[in-house]
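User: I would like to learn how to read helix packing and pockets in a model. Please take one feature at a time.

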Amino acid sequence: MSEDVGKTGRQRQLALDFPAPGPTLDGLAVSASNRTAISVLRRWPDWRTHTLAIVGQAKSGLTVVARAWAAHAEGQVIDVKAFDKLSHKKVDALSSQPVAVDDADLIRNEDNLLSLINLSARNGGYVLLTARKAPALWRVRQPDLASRLKSMTLVELGPPDDDMVVARLRAAMRRRFLKLPKDVEAYLLLRIERNYEALESFVESLHEQVEGREVTVPLARDVLDGQSGTRPLFDDGED
């Protein structure tokens, strides 16, 4: 009996250790808030230019989108710290393939960025830059780089609309093995703040407070009341 239990445990451990599949463009939640951006990413490699910037709020999913596009294009994602440290030889190697640079508005190595933009156009590579703000607003010293950034094609993951609020709430709840009842969903849709950080913060706080209970409207109200920056659209009357 114990041997069989041990085998089951090892099998379960192997199953748990199996890596989850990465994000894909087809698997992303799409609404009016991000439909244009996702559509442009799907059209790769039929882009008008070799460099594209995508911007969005904090927690809007920029890194996930970058990873999904990299999988679609069979390229890679590199974070800003690693990018700043790249040698010119490695930048040249990247310029012939699809590459996404995450948090690109934080890049300090302007030479690397300018080289990647210029070389990609010459060598047939494609560059996706994720950022919180439009490239034209980045603070850079080099006039040539500033010019490239100002003329760069830009798409946006916009603030969450109703459909995206529901999709993100459901996804965040699933990650924590929580159910979102329809009445709670309807209650939140009218009251929760329309930004991605607020959505994630709400579900995290809810998870901390639920303690095995069912998710109900009174519980959701208590969590919202305890969150700073969340402004109800309506005063609650009697339930």
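Analyst: Contact means heavy atoms within 4.5 Å. Helices (H or I, at least four residues) and strands (E, at least two) are DSSP runs, numbered from the N terminus. This is a predicted model, in which local features need pLDDT of at least 70 and side-chain atom pairs count only at pLDDT 80 or more, while totals for chains, interfaces and linings use all residues. Residues are numbered from 1 along each chain as its sequence is written, and side-chain values use heavy atoms, with hydrogens and water left out.

User: Which residues of α8 and α9 meet?

Analyst: From α8 come Asp 162, Val 165, Val 166, Leu 169 and Arg 170, and they meet Lys 182, Glu 185, Leu 188 and Leu 189 of α9. This contact of α8 with α9 divides into 5 nonpolar, no polar and 4 charged residues. Here Ala, Val, Leu, Ile, Met, Phe, Trp, Tyr, Cys and Pro count as nonpolar, Asp, Glu, Lys and Arg as charged, and the others, Gly among them, as polar.

User: At what angle do α8 and α9 pack?

Analyst: Two packed helices are described by the angle between their axes and the distance between the axes. Axes are lines fitted to C-alpha atoms, for helices over the stretch in contact, and angles run from 0 to 180 degrees between N-to-C directions. For α8 and α9 (residues 182-191) the angle is about 130°, and the axes are 11 Å apart. That makes α8 oblique to α9; angles under 35 degrees count as roughly parallel, over 145 as roughly antiparallel, 65 to 115 as roughly perpendicular and the rest as oblique.

User: Are α2 and α3 roughly parallel or roughly antiparallel?

Analyst: Helix α2 (residues 35-42) packs on α3 at about 25°, with the axes 10 Å apart. The two helices are therefore roughly parallel. Their crossing is right-handed. Ile 38, Leu 41 and Arg 42 of α2 make the contact with Val 65, Trp 69 and His 72 of α3; these residues divide into 4 nonpolar, 1 polar and 1 charged.

User: Is the crossing of α6 past α7 left-handed or right-handed?

Analyst: α6 passes α7 in a left-handed crossing. Helix α6 (residues 110-123) and helix α7 (residues 143-150) have axes 10 Å apart at an angle of about 55°, and are therefore oblique to each other.

User: What is the volume of the largest pocket?

Analyst: Rolling a probe the size of a water molecule over the atoms shows where empty space is left. On a 1 Å grid over the protein atoms alone, a cavity is a set of points where a 1.4 Å probe fits but cannot get out, and a pocket is an open set with protein on both sides within 12 Å along at least five of seven lines; lining residues have an atom within 4 Å of a point. Grid points are joined across faces, edges and corners, and a volume is the space filled by probe spheres set on the points. The largest pocket has about 810 Å³. It is lined by 31 residues, of which Ser 60, Gly 61, Val 64, Arg 168 and Arg 175 are the closest to its centre.

User: Which element gives the largest share of that lining?

Analyst: α8 does, with 7 residues. The lining divides into 14 nonpolar, 8 polar and 9 charged residues.

Definitions and conventions: A crossing is left-handed if the near helix is turned anticlockwise from the far one by less than a right angle, and right-handed if clockwise.
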